[in-house]
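User: Could you take a close look at one residue for me, and then show me how it sits in the chain as a whole? I'd enjoy a connected walk-through.

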Amino acid sequence: MTTSSITQSVFARLVREHEKLTDIDRQIMRTFERLMDGHSAITDGSVTAVNIAAEGGVSRASYYRSPVAAAIKEILSAPEVKRPEVDELKAEVARLRKQERALRRERAAEVRELKDTAPTYANQIQILALRNAELERDAGNLRSQLSDAGDGVVRALRPT
């Protein structure tokens, strides 16, 4: 079923069940159909209770008291109902914002982890630099011993 046929079917049932629909009820129905067709005059075109009331020139209280409000809710809850492009775009924007927030959280966690890891690496580099300087000093001492000793015997620098 198309959105239009679902809307007509639900509204036809509403008219049968509520024989005394007021002009306000009928105005709400026409306004809803206009918004679903993407023809808004006052609002951004999104199908909300506030926009239906504003477009129809009725109060929100009148909208909520009307039996049409329940019918509209039923129509919008049907999975095969295609929402106006404005609503779809708003849903897409909301989904993208949520995705962006998740990505920002992930990146922030990565940055925190890297900031926590950097001092550890700096300490390791310092330890390795000190050890390298010690090894170069030992190598220099060994070269010095070799050049000083005529007999070619090298003695241990440190007890092992």
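User: The residue I have in mind is Ala69: is Ala69 buried or exposed, and which residues does Ala69 touch beyond four places away in sequence?

Analyst: Buried here means under 20% relative accessible area, taken with a 1.4 Å probe and with protein chains only. By that cut-off, 24% of the 160 residues of the protein chain count as buried. This is a predicted model, and Ala69 belongs to the buried group in it, because its relative accessibility is 12%.

As for its setting, Ala69 lies in helix H5, which covers residues 67-77. Leaving aside residues up to four places away in sequence, Ala69 touches Tyr63 and Tyr64. Ser4 makes a handy reference point elsewhere in the chain: Ser4 and Ala69 are 65 residues apart in sequence, and their C-alpha atoms are separated by 17 Å.

Now let's step back to the whole chain. Along the principal axes, the C-alpha atoms fill a box of roughly 120 × 30 × 25 Å. Among contacts with a separation of 6 or more, 52% join residues 24 or more positions apart.

Finally, the surface and charges. The protein chain exposes about 11600 Å², with carbon and sulfur atoms supplying 55% of it. There are 26 positive and 24 negative side chains, and the centres of the two sets lie 4 Å apart.

How values were computed: Residues numbered from 1 in each chain as written. Predicted model: local features only at pLDDT ≥ 70, side-chain atom pairs only at ≥ 80, totals over all residues. Heavy atoms only, no water. Helix = DSSP H or I, 4+ residues; strand = E, 2+ residues; numbered from the N terminus. Buried < 20%, exposed > 50% of the residue type's maximum accessible area, 1.4 Å probe, protein only. Contact = heavy atoms within 4.5 Å. Areas by Shrake-Rupley, 256 points an atom, 1.4 Å probe, with all protein chains shown as cover. Lys, Arg positive; Asp, Glu negative; His and termini not counted. Charge placed at Lys NZ, Arg CZ, Asp CG, Glu CD.
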